[in-house]
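Could you walk me through the main features of this fold? I would like a plain tour that I can follow with the structure open beside me.

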Amino acid sequence: MNKTLSNTTQSHQLRKQMEASNVFFLVYVEVIVLLSCFNLHGFNLLGLVTASPVVRGNGTDQHALLQFKTKVTGDPLKIMESWNISIHFCQWHGVTCGRKHQRVTKLDLQFLKLSGSLSPYIGNLSFLRGLNLADNSFYNQIPQEIGRLRRLETLQLTNNSIRGEIPSNLSACSKLTLVDMRSNQLAGEIPASLGLLSNLKFLNFANNSLKGSIPPLFGNLSSLEVLSLAINALSGTIPEALGQLTNLSFFSIYGNAISERRDSSIQEQYVKKIGFYNYHTKAS
């Protein structure tokens, strides 16, 4: 009898211990989950959670920037040395982030003597509004992934050695107000789809090797103020639709093989309205 009571008591105590262990485990798991949710990394509660490094902001942006860095083959000013994981990526040279979400909103690496190709991972910087890589020595093509930057407002690639064609899907960047790609080695035709960029105010493709004609769809660029296509290999005539660009104040197409139609009033219109009509092409 006593032996049975003793066994019953032991079983009861064992169940209590197991229940206590289960409760402790559940509490432990809840603490871990809460700490993960609130990003309380490095917080140590009775030794249950060990400190661990964390990158605040967005890991996608950091990865995209590091991939951009891998494509930089020349960096005499050692600008890229600040681009390392010991420093938050929002503090890297040339990187600007938004205050609220710590996402990259601007990448400005102008005049830094950088050379290399443009990484397609640039398309993963989904909050990017300004990209300025002007006056460096970047080469190869503009990655198609740049068309994924739906928040992009300014794109400056001036004075590099970029080859290939202008990505037609750049028209997907509907917020663009400035596109400056002058003084590169761009070839092929100007994508007509760029005429869909209704917010565009400044467009400069001067001093490249572009061929074909000026897209008539450019007549839809109602916000356009500056259009420079000088020093290329463009041909054809000036589209009559450009006469619709009432905000245009600078128009330059010299150094091409564009013909002026004798019955066209565009030249007279621009000389009178703009005061600057940089033409110098052949008449037909």
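This is a predicted model: local features need pLDDT of at least 70, side-chain atom pairs count only at pLDDT 80 or more; totals for chains, interfaces and linings use all residues.

## Helix H2

H2 covers residues 59-70, twelve residues in all, and at 1.5 Å a residue it should span 16 Å. Its end C-alpha atoms lie 17 Å apart, which agrees.

Which residues of H2 are buried? They are Asp61, Gln62, Ala64, Leu65 and Phe68. Seen down the axis of H2, these buried residues fall within an arc of 160°, so they line one face of the helix. On the strand side, the buried residues of H2 pack against E1 (72-74), E2 (95-97), E3 (104-108) and E6 (137-140).

E2 and E3 run antiparallel and are joined by three bridges. Within this pairing, Thr96 stands opposite Lys106 of E3. The hairpin that E2 and E3 form has six residues between the strands, and there Gln102 takes a positive phi near 55°.

E3 also pairs with E5 (residues 130-132), this time in the parallel sense, over three bridges. Lys106 comes up again here: its bridge partner in E5 is Gly130.

E1 and E4 (residues 115-117) run antiparallel, with two bridges between them. Val72 stands opposite Gly116 of E4.

## The cysteines

How many disulfides does a search of the whole structure find? It finds one, formed by Cys90 and Cys97, with their sulfur atoms 2.1 Å apart. A disulfide is a covalent bond between the sulfur atoms of two cysteines. The link of Cys90 and Cys97 is left-handed, with -95° about the S-S bond.

Are these cysteines buried or exposed? Cys90 has a relative accessibility of 17%, so it counts as buried, given that buried means under 20%. Cys97 is buried too, with a relative accessible area of 17%. Cys173 is buried as well, and its relative accessible area is 0%.

Note on methods
Residues are numbered from 1 along each chain as its sequence is written. Side-chain values use heavy atoms; hydrogens and water are left out. Helices (H or I, at least four residues) and strands (E, at least two) are DSSP runs, numbered from the N terminus. The expected span of a helix is 1.5 Å times one less than its number of residues. Buried means under 20% relative accessible area, exposed over 50%, partly exposed in between (1.4 Å probe, protein chains only). The arc is that of the directions from the helix axis to the C-beta atoms. Contact means heavy atoms within 4.5 Å. Two strands pair if DSSP finds at least two bridges between them. A disulfide is a pair of cysteine sulfur atoms within 2.5 Å.
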